[in-house]
Amino acid sequence: MLKVPHVTSYLTEHFAEDAFGTLAGYEKKGGYAAARKALTEMAPGDVIELVKASGLQGRGGAGFNTGLKWSFMPADSDVPKYLVCNADESEPGSFKDRILLERSPHQLLEGILIAAYAVGACTTFIYIRGEYSFPADQVERAVAEAYDQGHLGPNVLGSGFRHDVVVHRGAGAYICGEETGLLESLEGKKGQPRKKPPFPAQVGAFGMPTTVNNVETFCHVPYIVNRGAEWFRGFGTEASPGTTLFGVSGHVVKPGLFELPLGTPLSEIVFEHAGGIAGGRKVKGVIPGGMSMPILPAGQLDVPMANESLRERGTMLGTGGIMVMDETTCMVRVGCVISYFFRDESCGQCTQCREGTGWLNKIMNRIERGAGQSEDLGVLLDIAAKMEGQTICAFADAAAWPVQGLLRHFRADFEEHVRLGRCPFTASFEL
Amino acid sequence: MRITIDGREIEAREGATIFDAAGAAGIDIPVLCHDPRLDPVGVCRLCVVDVGERVLAAACVRRCEPGMEVRTNTSDIEADRAVLTELLMSEQPADHEADRRERAFGDNALLACARRYDAWGDSLPRGGGRADDTSSSVIHVDHQACILCDRCIRACDELQNNEVIGRTGKGHDSRIAFDLDVPMGQSTCVSCGECAAVCPTGALVDVAIGPELRPRDELEAVDSVCPYCGVGCALTYHVDRERNAIVFAEGRESPGNRQRLCVKGRYGWDYAAHPQRLRVPLIRRDDAYPKGALSKDVRGEHDGRRKPGGIVDYDEVLPAFREATWDEALDLVAERLSTIRDRDGPDALAGFGSAKCSNEEAYLFQKLVRACFGTNNVDHCTRLCHASSVAALLEGIGSGAVTTTYGDIANAGAALLAGTNTTANHPVAATFFKEARKRGTKLIVVDPRREAIAEHADHYCRIKPGTDVAFYNAMMQVIIEEELGDRAFIEERTENYDALATLVADYPPERAGAICGVEPDDIRAVARAFGSADSAIVFWGMGISQHVYGTNNARCLIALALLTGNIGKAGAGLHPLRGQNNVQGASDAGLIPMVYPDYQSVEDPAIREKFESAWGRELSPQRGLTVVEIAHAALEGSVKGMYIMGENPFLSDPNVNKVRKALSNLDFLVVQDIFLTETAEFADVILPASSYMEKLGTYTNTDRRVQIGRPVLEMPGEARLDWEVVCDVSTRMGFPMDYASPSEIFDEFAGLTNAYATLSHDNLGAVGKLWPNPDPERDDGPVVLFDDAFPTENGRAKFVPAEWTAARELPDDDYPFVLNTGRLLEHWHTGVMTRRTRVLDAIAPEAFVAMHPDDGSANGLSDGDNVTVESRRGSVTLRLRLTTRECRGAVFMPIHFREAAANLLTLDELDPDGKIPEFKFCAVRVSAAG
């Protein structure tokens, strides 16, 4: 039995019960009632309006209004429309979608059915990262159950709505989590993000209008349909309603997944829910939303965990993957690890991303090794600045931000390395 | 639409990218990954511009929108570009002076950016460590200089459609890779050079073929046409006049090739500068009589002294000749030929022209034979190539040329490729076929050999050799039975349909399938794909024509097109793919024994009268002998004197042992050529001619496109222009010919035809013109012919039904294999040119016989074995290559290699209508060489 601490939760309310993962167990808790309601009592446009009104933000990292995204799909279309569930959860520090897939695949399928009905999609492709073997098995099992019971197929829940779900396993590239990289990969091509425009709502999977949503995003939808937009807005902040799943890792006493309202202060999550810093040491910095989000220093943990407030501190909520680092952490080494990841995962299309990620990593390594020069910090910032806002997708931005964050808040660590000609924290290393 | 770029309001056309709109307005945006011929990908990010959004947009991919406000050169954007350049430069090889592209062509686009932004990569630690790949014969690959702009990948995918290059690795470790990351020279790369042509840096650079590569502006650019195949690609030779040398060749924009070239066109031109070029006239020494073969290869002796492969051994042949002055040589030629004419009659003389010569030379040569010699015994290699197709076309639709261009495949719903190995023989046309297939044209390939184009086919049918008629009759049976034909077209525009319907009714797919070795349902599927297409083109090659039933094969394809109404509209038609660069033109010019220029019959008194008055001589009313018939006549002694201009029948004609006897038997043979050929060994006089690279003339490609080839080199030694030599011989034989220039010859020729009547050197323009062309000043000419009537007496096309007959020499216990012969991508016909080019000879140096691996193991033979291939006429020993491209029971030999001449084995039986020999079906046995 999985231990899931929950404070104010609906998504994870029944996660302690294995039966919640089965169709019967899910329905026993009221599952598929929202789908029945949407498909039989609501017009597609009403569903979109409801989700818009709820203020649900996409939970994949960018935080875009979900209902608004759905409304971009052409209402009248003589070609098939598709829905894609992005289950390529690859952001280091994030593991919320994995738990949702493992513990409540029907909650996901119900959200998918409602969304599909709203946008008029005939098929949903669930793209699951290749490493998520067990979660993918759970989803495939649930999809089979749903077909067996008529929850999927030619006549969903007896409503006359037809819907099919295809589970597609990825092959292990971070960039396939980027929605158009995912679409390329789904089509059997190399996972390289597409030029936009056109956006997926016009030309998406297999050339058809397509909406791509994150796993968690879908999971919120049945509750909104069942309980209403106002109820949903009862959680979180004005701009960021609802709960979300915070995954806490790093130097804490109780790492784990916590469903909490958006806007919960970071310090509360770290020190109360995750039990504070292990070994009685002090916190040094916290990455608030997965590895591509800029780090916050110890002094800024009072920040409410919602996009609007995090932006004011120069970072973002991202995927809600919180990585906590204590005072023994070498921030240059953190820079090496992060930049190595991005160097390796860039698809290599755009010059500044392919070359920039390489150079960021080389220079980070050089500083950590003790061979850094004083102008290196300027070069890092120059390169990072020129990687932002110019590339086909946001990967280059995601690779540049952590570097900027580290230098903004922990410049002293870098200068110390250069001054001493060695790492003051640990034996030098290089990735 | 109106948009604003850098404060300037400009008009942009719908769908234009910002880059295009800016370019049209004279606003320069730097870019590295974009090339106008390729789909933009926007990856270099150098062309990013500010369109007022959060993210800068790549100008090369972003389309203009009405009212858009674009900034292309803010200081921020320029700073971004400087950093991009810095990043790229830091990974370049440190020594920019040594950059291969900059040194070769002076056009390294990255170095231009480095200069523009003064960004040399010095602020970053240098990259390094990506290796060179020197495995290709034509391109040097420097991975370190690669900037991953993907131009090469797209050129290979989108232009040449070969799909060899891709990316391997990801992120910072991305590299371009060939196939599954093997060295370029070991990959499926066909060395077309398109990747190097589009590469902006020193990553992919041509290897120098002649003198060291030099920037364009230091050289003279001469627009010309490729000398090899019937596709006739437009190209530009970059010439060092001082050193009288071609430095490099480049594809040129033209409807025919859109800048694309193949390995022969781009890299195969150095034969003209080969040291073995003939420089002075040669006369056979008295002690070299009686005549016979001079070299051991031609005598069929192999002493193992010479290394395998190669060309005529000059050391063996030259001692039999002495140098002479032009006057002496020409006098001798004129005297000997005149003597034979006067003593034995005009028909004792014969001439072979060449489809490698220009229209002007072909016209003059046939005029020489007809008006000066007084005989119609004039022919050329069209007889060995599409004579049967032309016979069937003239009979069926009244015209021997293609009814549409190969580029029209872009408009076709389906295309049938019958017996044509296009990727090897018409490589650039094949790129358009593959491109059309990607855009939805259904490609149907029917061939006993599963050649590379079959890999792109929607339907591939491997028929047994020699069963084409049965296959196509069955296709027609299905089309009639399933009512897929075009009734209206049949009724309004054709005749003799009932005869066809009656005949093909006897070929249901079950019967034909048994003959062809194809599943009946496969025949049905192909018939439906072809019959139900809105428009369909039939392409065919030597697999159809080079048979004793070649005319019947072509008749079936013509009937197939007529039955489905597929002539006279866009994306539909008949296109026999012409082999030689000027086989269409040489035929148009009358280098054919039955017809004067423009296919006007020598047997028609009115026409003859027209030519008699034009040429001022009485002309022979009898059709002349064809190529193989001339050889037979020489053997019998009725033809005694010959003039051979640019042909090498010793290697090109079937059953060459017989040809050798025939040539030895001649009283007098004059050979005019650029090298000592196998044929020249039998000559009394050898005249040193001009190569293609040295002369002005027009050439007509497979599409009927008449283009100008221009001189780029000075002739070596005392070599002379071919047309001048023909004039001199004619004048010395008492029929004066006097022209000021090839253009004057062209005008005389054009004036005697309908097809060329409106054309002249002056109005052919940069890319030539299609004939017939009512308005060449303004129009490129008609792609599609016969949209309302056929040039027949009643304006209708005629169905000519054909029964399937078995091949003449079937395999048996003694000779169990069928021998098929043909060409390779890298070589040309008898190899006289291509085996003297550095690159082509390096890529394909050796003769081989190809066999299916199962036949190999059944006979105890392994790949690479030395084997002897024997027919009833001769035997050769060469290397065995096992490949599933061949079908069971058949072997294939290329025709280019004198040391293992395929035509020692072939059968000199003729098609009754086209008089074309059987090159593609004779019985052989294959055994391990002793």
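Guide: Happy to. Start in chain A: Tyr127(A) has His168(A) in β4(A) as its bridge partner. Keep in mind that this is a predicted model.

Visitor: What makes β2(A) and β4(A) a pair of strands?

Guide: Two strands pair when there are at least two bridges between them. Between β2(A) and strand β4 (residues 161-169) of chain A there are 6 bridges, and the two run parallel. So 6 bridges meet the requirement of at least two, and they count as paired.

Visitor: Which strand of chain A is also joined to β2(A) by 6 bridges and runs parallel to it?

Guide: That's strand β1 (residues 82-87) of chain A. Leu83(A), for instance, sits opposite Thr124(A) in β2(A).

Visitor: Why is β2(A) called mostly covered?

Guide: A residue is buried when its relative accessible area is under 20%. In β2 (residues 123-128) of chain A, 6 of 6 residues are buried. Both faces are covered: Thr123(A), Phe125(A) and Tyr127(A) are buried on one side, and Thr124(A), Ile126(A) and Ile128(A) on the other.

Visitor: Over to chain B. Why is Arg704(B) called buried?

Guide: Its relative accessibility is 0%, and buried means under 20%, so Arg704(B) counts as buried. You'll find Arg704(B) in the loop between β29 (697-700) and β30 (705-709) of chain B. Arg704(B) also has a positive phi of about 75° although it is not a glycine.

Visitor: And why is Asn496(B) called partly exposed?

Guide: The relative accessible area of Asn496(B) is 34%. Buried is under 20% and exposed is over 50%, with partly exposed in between. Because 34% falls between those cut-offs, Asn496(B) is partly exposed. Asn496(B) has a positive phi too, about 70°, although it is not a glycine. Its place is the loop between β21 (494-495) and α17 (497-504) of chain B.

Visitor: Which residues gather with Glu777(B) in a patch of negative charge on the surface?

Guide: Asp738(B), Glu744(B), Asp747(B) and Asp762(B) gather there with Glu777(B). Asp and Glu count as negative, so the charge of the patch is called negative.

Methods: Residues are numbered from 1 along each chain as its sequence is written. Chains are lettered from A and ligands numbered from 1 in the order in which they are written. This is a predicted model: local features need pLDDT of at least 70, side-chain atom pairs count only at pLDDT 80 or more; totals for chains, interfaces and linings use all residues. Side-chain values use heavy atoms; hydrogens and water are left out. Patches are made of residues with over 30% relative accessible area and no salt bridge: like charges are joined within 9 Å, nonpolar side chains (Val, Leu, Ile, Met, Phe, Trp, Tyr) within 5 Å. Accessible areas come from the Shrake-Rupley method with a 1.4 Å probe; for residues, only the protein chains shown count as cover. A salt bridge is a side-chain nitrogen of Lys or Arg within 4 Å of a carboxyl oxygen of Asp or Glu. The place of a charge is taken as NZ of Lys, CZ of Arg, CG of Asp or CD of Glu. Helices (H or I, at least four residues) and strands (E, at least two) are DSSP runs, numbered from the N terminus. Buried means under 20% relative accessible area, exposed over 50%, partly exposed in between (1.4 Å probe, protein chains only).
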